[in-house]
Every structure is written in C-alpha cells, then in structure tokens.
Amino acid sequence: MDHSTHHAATGHGHATWATAAKATLHCLTGCAVGEILGMVIGTALLWGNVPTMILAIALAFVFGYSFTLFAVMRAGLSLRAAVKVALAADTVSIAVMELVDNAIIALTPGAMEAQLSDGLFWSALLGGFAVAFLITTPVNKWMIGRGKGHAVAHAHH
C-alpha cells in the first residue's frame with residue numbers, strides 16, 4: 001500500500017499516534033517549564049495557592065505557545081503568521097493539559113500545601129502531567145485528523 005492509498009483508506013490526514021504524541025510532548029514541555037517556574041516563583045515569594053496557580057498557568061500558556069512559535073518561525077513563517085498558528089495549535093492542548101494537571105494537584109491530598117522541597121509536590125505535579133499527556137494526546141490526534149490544532153503547526157514544520 002503506497003502512502004496516498006494508506007491515507008485514503010484511514011480517512012485521516014497525518015494523524016498518527018506518533019505525530020499526536022510529538023505534538024503533545026512539545027506542548028507538555030512548554031507547560032511543564034512554565035508551570036514549574038510559576039510554582040517556584042510563587043513559592044519563593046511566599047504567595048498563596050491561588051496567585052501561585054494563576055502565575056503557573058499563565059506561564060504554562062506563555063511557554064507552551066512559545067515552543068510552537070519558535071518551531072514554526074524556524075520553518076520560515078512571519079511572527080504574525082506564527083502567532084496565529086501557535087494560538088490555533090496550542091490553545092486546546094494547553095487548556096486540557098493545565099485543567100487535568102491542576103485538577104490532579106488540587107485533588108492530591110496535601111499537594112497544595114506541599115513545598116518545593118517535598119517529594120509529594122513533585123510527584124503530584126509529574127503525575128498530573130503524565131495523566132494530562134495521556135488525555136491530551138488523543139485530543140490532539142483527533143484535532144490533527146480533522147486538520148485542526150497541531151495539524152496547523154505541522155503544516156509549517
């Protein structure tokens with residue numbers, strides 16, 4: 001079966017699990033960097049849970065978008081076009097990831113009170129990202145298969 005016949009048979013674009021996982025990993029890396037940075041800053045400044053989480057989520061979006069932005073700009077898009085692509089590709093991805101990750105941290109007993117030096121803080125955060133990755137990957141696969149989300153970004157890679 002040649003390449004074109006295979007895609008016609010599956011009825012999808014390049015929505016392989018590998019593509020979806022790679023797209024999700026890009027987003028996850030940005031989210032994790034932003035979120036950990038937000039937690040570190042908020043904790044260092046002795047902020048409460050709410051402002052720390054707001055900062056962490058805001059930074060997760062900033063870093064999540066910027067990872068895609070740089071990848072797309074390397075492919076030769078203008079900043080304006082790249083911003084549009086990053087917003088289209090990552091908004092759902094980051095939102096799902098942050099929702100799941102923060103819900104897990106919020107639901108893990110003691111995780112909200114845990115300090116950066118506590119193993120519980122990191123296990124709740126990393127466990128949250130692991131679950132978020134498992135939930136976000138099929139979402140991305142579905143979106144890529146319909147030419148949305150990361151498919152927009154991958155068209156420019």
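Is glycine 30 buried or exposed, and what is its relative accessible area? Glycine 30 is buried, with a relative accessible area of 0%; buried means under 20% relative accessible area, exposed over 50%, and partly exposed in between, with a 1.4 Å probe and protein chains only. This is a predicted model, in which local features need pLDDT of at least 70, side-chain atom pairs count only at pLDDT 80 or more, and totals for chains, interfaces and linings use all residues. Residues are numbered from 1 along each chain as its sequence is written, and side-chain values use heavy atoms, with hydrogens and water left out.

**Overall make-up**

- The protein has six helices and zero strands; helices (H or I, at least four residues) and strands (E, at least two) are DSSP runs, numbered from the N terminus.
- Along the sequence the pattern reads α-α-α-α-α-α.
- The protein has 157 residues, and 39% of them count as buried.

**Helix 3 and helix 4**

- Helix 3 (residues 49–74) packs with helix 4 (residues 79–107) at an angle of about 140°, and their axes are 8 Å apart. Axes are lines fitted to C-alpha atoms, for helices over the stretch in contact, and angles run from 0 to 180 degrees between N-to-C directions.
- The two helices are therefore oblique to each other. Angles under 35 degrees count as roughly parallel, over 145 as roughly antiparallel, 65 to 115 as roughly perpendicular, and the rest as oblique.
- Helix 3 passes helix 4 in a right-handed crossing. A crossing is right-handed if the near helix is turned clockwise from the far one by less than a right angle, and left-handed if anticlockwise.
- The contact of helix 3 with helix 4 has 17 nonpolar, four polar and two charged residues. Ala, Val, Leu, Ile, Met, Phe, Trp, Tyr, Cys and Pro count as nonpolar, Asp, Glu, Lys and Arg as charged, and the others, Gly among them, as polar.

**Helix 2 and its partners**

- Helix 2 (residues 17–44) packs with helix 5 (residues 119–145) at an angle of about 145°, with axes 8 Å apart.
- The crossing of helix 2 and helix 5 is right-handed, and the residues of this contact divide into 17 nonpolar, five polar and two charged.
- The axes of helix 2 and helix 4 come within 10 Å and cross at roughly 50°, which makes helix 2 oblique to helix 4.
- Helix 2 and helix 4 also have a right-handed crossing.
- Glycine 30 lies in helix 2. Glycine 30 and phenylalanine 63 are 33 residues apart in sequence and 4.5 Å apart in space, C-alpha to C-alpha.

**Helix lengths and a kink**

- At 1.5 Å a residue, the 26 residues of helix 3 should span 38 Å, and its end C-alpha atoms are 37 Å apart, which agrees. The expected span is 1.5 Å times one less than the number of residues.
- The 29 residues of helix 4 should span 42 Å at 1.5 Å a residue, and its end C-alpha atoms are 39 Å apart, which agrees.
- Helix 4 has a kink of about 45° centred on aspartate 90. The bend at a residue is the angle between axes fitted to the seven residues ending there and the seven starting there.

**Single residues**

- Buried residues of helix 3 include Thr52, Met53, Leu59, Gly64 and Tyr65.
- Leucine 46 sits in the loop between helix 2 and helix 3. Leucine 46 has a positive phi of about 60° although it is not a glycine, and is exposed, with a relative accessible area of 75%.
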